[in-house]
Amino acid sequence: MLIDIICIFPDMLSGFIHQSIVKRAQEKGLVRIRLFNLRDFSFDKHKTVDDIPYGGGPGMILKPEPLYRAILQTSQGGLKPLKIFLTPQGNLFSQRLAREFSKEQHLVFVCGHYEGIDQRIRDFFIDEEISIGDYVLTGGEVAAAVVTDAIIRLIPGVLGSKESLHCESFSDYLFDYPQYTRPAAFKTMEVPKILLSGHHEEIRKWRKKKALLITAKKRPDQFQKINLTDEDTELLKDTS
Ligand code: 6GU
């Protein structure tokens, strides 16, 4: 998979793409991330990437020509990429979208800044608009990191066995059960006895029940989407 990010502050993303699991995924050849600095696609002597809005008003707008050239550059050679503009006006990003995007061969993220980008780029060169939540960021770079992170971890082979994904039906809407590590007693606080028992089947059930209860309590909307198995229903009946 190839992920291209077009932005005006690539330094905001260079740390992210060279750390941890994202770095390892690239070293394993499972994903390649390229950062494109929009200024490199501005040909005037001041490397201008923005201008004042037609019709007046505050703020600056990213000019169409550098964006067009950068988008064209990312599309050289390969198949037609999916081009995504990051904006608070976009469709809300979700685990479902992360799964869909993780199946693409080539993604291009365009990060906005200032008051926005020239509408003609959005109308003619962008396939999808994505938002990461109902709040306003100063630019799309942080959103690009969020979306890229969520996508990369779903690419087969990216997570090692240590961090491996739960099976899909389990992970999609269900939160994790509570986790503990040593020591078994920390100050006066003890780890639930069942986890020290060595009874694997009882531990599995305890965890499943906790995960269901935590999800129901914290996110009833998500809990509604879970197809409960007979075992789940039994576990929830038992109030002990
Ligand atoms: Cl994708 N961009 C910006 N600038 N702000 C946002 C966002 C994106 N998603 C939520 N807020």
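Predicted model: local features only at pLDDT ≥ 70, side-chain atom pairs only at ≥ 80, totals over all residues.
Let me begin with the ligand. The residues around the ligand are Leu86, Thr87 and Pro88, then Ile130, Ser131, Ile132 and Gly133, and finally Tyr135, Leu137, Gly139 and Ala143. Three of these residues bring a backbone N or O atom to a nitrogen atom of the ligand: for Ile132 the distance is 3.0 Å, for Tyr135 it is 2.5 Å, and for Leu137 it is 3.1 Å. Taken on its own, the ligand has 290 Å² of accessible area, and the protein covers 96% of that area.

The largest nonpolar core has 33 residues, and the members that touch the most others are Phe93, Phe101 and Phe109. Two or more residues of this core come from each of β1 (2-7), α1 (11-17), α2 (20-27), β5 (82-92), α4, β6 (106-111) and α6 (141-152), and of these α6 gives the most, with seven residues. There is also a second, separate core, which has 16 residues, among them Leu38, Ala70, Val110 and Ile126.

If we leave aside neighbours within four places in sequence, Phe93 is in contact with Ala98 and Phe101, with Ile130, Ser131 and Ile132, and with Val147, Ala150 and Ile151. Three of those partners, Ile130, Ser131 and Ile132, are also listed around the ligand.

Next comes Ser102, which is found in helix α4, residues 95-102. Is Ser102 buried or exposed? Its relative accessibility is 15%, and because buried means under 20%, Ser102 counts as buried. A polar atom of the Ser102 side chain lies 2.8 Å from the backbone oxygen of Arg99. Not counting residues up to four places away in sequence, Ser102 touches Met1, Ile151, Leu154 and Ile155; Ile151, you will recall, is also in contact with Phe93.

Finally, the sheet. Three strands, in the order β3-β4-β7, form an open sheet with mixed pairing. Its edge strands are β3 (50-51) and β7 (116-117), each of which pairs on one side only. Strand β4, residues 61-62, runs parallel to β7 and is joined to it by two bridges, and in this pairing Ile61 stands opposite Gly116 of β7.

Notes. Residues numbered from 1 in each chain as written. Heavy atoms only, no water. Helix = DSSP H or I, 4+ residues; strand = E, 2+ residues; numbered from the N terminus. Buried < 20%, exposed > 50% of the residue type's maximum accessible area, 1.4 Å probe, protein only. Polar contact = N/O pair within 3.5 Å; in protein donor to acceptor, adjacent residues only side chain to side chain. Contact = heavy atoms within 4.5 Å. Pairing = 2+ DSSP bridges. Near = heavy atom within 4 Å. Areas by Shrake-Rupley, 256 points an atom, 1.4 Å probe, with all protein chains shown as cover. Core = buried A, V, L, I, M, F, W, Y, C linked by side-chain atoms within 4.5 Å.
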